[in-house]
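Keep the viewer open as you read.

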Amino acid sequence: MSDPARAGEIFISYSNKDRERVRVLVEALVRQGVPVWWDQHIVPGQNWENEIEQALHRSRTVIVLWSQHSVLSDEVKAEANYALKQKKLIPALLDGAAIPFRYRRTQTPDLSRWDGAE
């Protein structure tokens with residue numbers, strides 16, 4: 001994946017239940033040379049919540065991946081709320097989930113049929 005020391009331009013917010021699908025997106029971004037941070041960069045023994053918060057603050061963009069799993073996640077909603085307030089939210093849809101009401105006003109690309117091919 002990307003180098004965690006360089007990572008930070010894009011923060012990926014998602015449900016862990018979608019990890020393999022998200023990995024495809026992360027790998028595609030990294031192939032394009034985009035610095036990406038996702039929770040796979042957290043070193044064992046580090047405080048998970050602190051690491052997430054610091055990465056969110058450092059990021060220039062937060063991609064929130066909405067899915068049937070992530071719309072139920074308080075953590076994903078909190079990250080999306082932070083990104084919305086900081087004007088760095090880019091949402092994307094992984095499946096046919098209904099995006100939480102507060103985030104529906106932001107244009108959201110549908111990646112449900114995207115397989116990672118360029």
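Which residue of β3 does S13 stand opposite? S13 faces V64 there. This is a predicted model, in which local features need pLDDT of at least 70 and side-chain atom pairs count only at pLDDT 80 or more, while totals for chains, interfaces and linings use all residues. Residues are numbered from 1 along each chain as its sequence is written, and side-chain values use heavy atoms, with hydrogens and water left out.

Now for the overall layout. The protein chain has three helices and four strands; helices (H or I, at least four residues) and strands (E, at least two) are DSSP runs, numbered from the N terminus. Along the sequence they follow the pattern β-α-β-α-β-α-β. The four strands make an open sheet in the order β2-β1-β3-β4, with parallel pairing. β2 and β4 are at the edges with a single partner strand each, so one side of each has no neighbour in the sheet. Two strands count as paired if DSSP finds at least two bridges between them. As background, strands of a sheet pair through backbone hydrogen bonds, either parallel or antiparallel.

You can go through the pairings one by one. β1 and β2 are joined in the parallel sense by two bridges, and I10 has V36 in β2 as its bridge partner. β1 and β3 also run parallel, joined by four bridges. Between β3 and β4 there are five bridges, again parallel, and here I63 is partnered by I90 in β4.

Six of its six residues are buried, where buried means under 20% relative accessible area, exposed means over 50%, and partly exposed lies in between (1.4 Å probe, protein chains only). T61, I63 and L65 point one way from the strand, while V62, V64 and W66 point the other way. For the protein chain as a whole, 46% of the 118 residues count as buried. Among contacts (heavy atoms within 4.5 Å) between residues at least 6 apart in sequence, 65% join residues at least 24 apart.

Next, turn to helix α1. Its 13 residues, 19-31, should span 18 Å at 1.5 Å a residue, and the end C-alpha atoms are 18 Å apart, which agrees; the expected span is 1.5 Å times one less than the number of residues. Which residues of α1 are buried? They are V22, L25, V26, A28 and L29. Just after α1, G33 takes a positive phi of about 85 degrees.

The C-alpha atoms of W114 and R21 are separated by 9.9 Å although the two are 93 residues apart along the chain. W114 is partly exposed, at 27% relative accessible area.

Charged side chains come next. A search of the whole structure finds two salt bridges, each a side-chain nitrogen of Lys or Arg within 4 Å of a carboxyl oxygen of Asp or Glu. In one, D39 and R19 meet at 3.9 Å, N to O. This pair links distant parts of the chain, with D39 in the loop between β2 and α2 (48-58) and R19 in helix α1, 20 residues apart. D39 counts as buried at 16% relative accessibility, whereas R19 is partly exposed at 23%. In the other, E20 and R23 meet at 3.3 Å, N to O. Being three residues apart in α1, E20 and R23 are separated by about one helical turn.

Finally, visit the loop between α3 (74-85) and β4 (89-93), where K88 lies. K88 is buried yet has no salt bridge, and the nearest side chain of opposite charge, E53, is 11 Å away; for charge, Lys and Arg count as positive and Asp and Glu as negative, while His and the chain ends are not counted. Among the residues that K88 touches are L56, H57, Y82 and A83. K87 lies in that loop too, and K87 counts as exposed at 76% relative accessibility. The phi of K87 is near 60 degrees, a positive value in a residue other than glycine.

Key
Lists of a residue's contacts leave out its neighbours within four places in sequence.
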